[in-house]
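Dear colleague,

I am passing on the structure we spoke about, together with notes on what was found in it. Please read the notes beside the coordinates and tell me where you would describe things otherwise.

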Amino acid sequence: MTLLRRALSATGLLLTLLAATAAAQNKVPTERGLEALVKASLLSFNDANITGNYTVFHAKLSKPFRDQFPPDRLQQAFKEFADKQIDIELIGALKPTYEPEPLVDPSGRLVVKGWFPTDPMRVAFSLDFIPSDGEWKLISINVNPIQRSLASDGVNHATATHAIPNMWTAAIDV
């Protein structure tokens, strides 16, 4: 009987731990964790574009994303972005602004949109993550450098922006 109780207790503890892990995947990470997730994703993307080697970036994607986009297809998808030699490495030293606030949507996706205050172009992003391989991993990425307005008309230039032509936008949604 004691052996049965121990087995049931151990099973209960295991289920509780698994439930806690699953619940954590349904919550927006802490501010620090979210910033690390966003920067790691975008800097890995940047490294792939700068070097032309998408293998590491590919390995960090969610399984459905990896299955649909092998490294050579990623390279092809982001070709124009890479050809423009857009380097967003500076975001590593900056704090992102999230607009709107990150959330986990009803389908379980972590939706993170915002921008980094780089100059002269603001780096806008829209990233969706899903639980994959036990952690949040990209399922959708959209990165768009936006030219800041240079007008000196008293307008709040932090919000006065216009998009650079779409050929500079890098986006994939699985």
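Ring pairs link Phe-45, Tyr-54, Phe-57, Phe-78 and Phe-81 into a cluster, where rings of Phe, Tyr and Trp (its six-membered ring) are taken to pair if their centres lie within 6.5 Å, with planes under 30 degrees apart called stacked, over 60 edge-to-face and the rest tilted. A search of the whole structure finds 8 aromatic pairs. Among them is the tilted pair of Phe-45 and Phe-81, with 5.3 Å from centre to centre and 50° between the planes. Because Phe-45 belongs to helix H2 (residues 31–51) and Phe-81 to helix H6 (residues 79–83), this pair ties together parts that are 36 residues apart in sequence. Phe-45 is buried, at 0% relative accessibility, and Phe-81 is buried too, with a relative accessible area of 2%; buried means under 20% relative accessible area, exposed over 50%, and partly exposed in between (1.4 Å probe, protein chains only).

Before going further, please note that this is a predicted model, in which local features need pLDDT of at least 70 and side-chain atom pairs count only at pLDDT 80 or more, while totals for chains, interfaces and linings use all residues. Residues are numbered from 1 along each chain as its sequence is written, and side-chain values use heavy atoms, with hydrogens and water left out.

As for the overall layout, the protein has 6 helices and 7 strands, and from the N terminus on its elements run α-α-α-α-α-α-β-β-β-β-β-β-β; helices (H or I, at least four residues) and strands (E, at least two) are DSSP runs, numbered from the N terminus. Of the 174 residues in the protein, 38% are buried. Among contacts with a separation of 6 or more, 58% are between residues 24 or more positions apart, a contact being heavy atoms within 4.5 Å. The protein exposes about 10100 Å², of which carbon and sulfur atoms supply 58%, the areas coming from the Shrake-Rupley method with a 1.4 Å probe and, for residues, with only the protein chains shown counting as cover.

Helix H2 also holds Leu-43, which is partly exposed, with a relative accessible area of 23%. Leu-43 and Ile-91 are 48 residues apart in sequence, and their C-alpha atoms are 7.9 Å apart in space. Leaving aside residues up to four places away in sequence, Leu-43 touches Ile-88, Glu-89, Ile-91 and Gly-92.

His-58, in helix H3 (residues 55–59), is buried, with a relative accessible area of 15%. A polar atom of the His-58 side chain lies 3.2 Å from the backbone oxygen of Arg-66, and the side chain of His-58 also reaches the backbone oxygen of Phe-69 at 3.2 Å. A polar contact here is a pair of N or O atoms within 3.5 Å; within protein, one must be able to donate a hydrogen and the other to accept it, and residues adjacent in sequence count only if both atoms are side-chain atoms. Not counting residues up to four places away in sequence, His-58 touches Arg-66, Phe-69, Pro-70, Pro-71 and Leu-74. Phe-69 has Arg-73 over its face, at 4.2 Å from the ring centre, a charge being over a ring if NZ of Lys or CZ of Arg is within 6 Å of the ring centre and within 35 degrees of the ring normal.

Turning to the strands, E4 (residues 121–132) is mostly covered, with 9 of its 12 residues buried. Strand E3 (residues 110–116) runs antiparallel to E4 and is joined to E4 by 7 bridges, two strands being paired if DSSP finds at least two bridges between them. A hairpin of 4 residues connects E3 to E4, and Gly-114 has Phe-125 in E4 as its bridge partner. On E5 (residues 135–148), which pairs with E4 in the antiparallel sense over 12 bridges, the bridge partner of Phe-125 is Val-143. The hairpin formed by E4 and E5 has 2 residues between the strands, and Asp-133 in this turn has a positive phi of about 55°.

Arg-122 lies over the face of Trp-115, at 3.8 Å from the ring centre. Arg-109, in the loop between strand E2 (103–104) and E3, is buried, with a relative accessible area of 18%, and the side chains of Arg-109 and Asp-128 are joined by a polar contact of 3.0 Å.

With best regards
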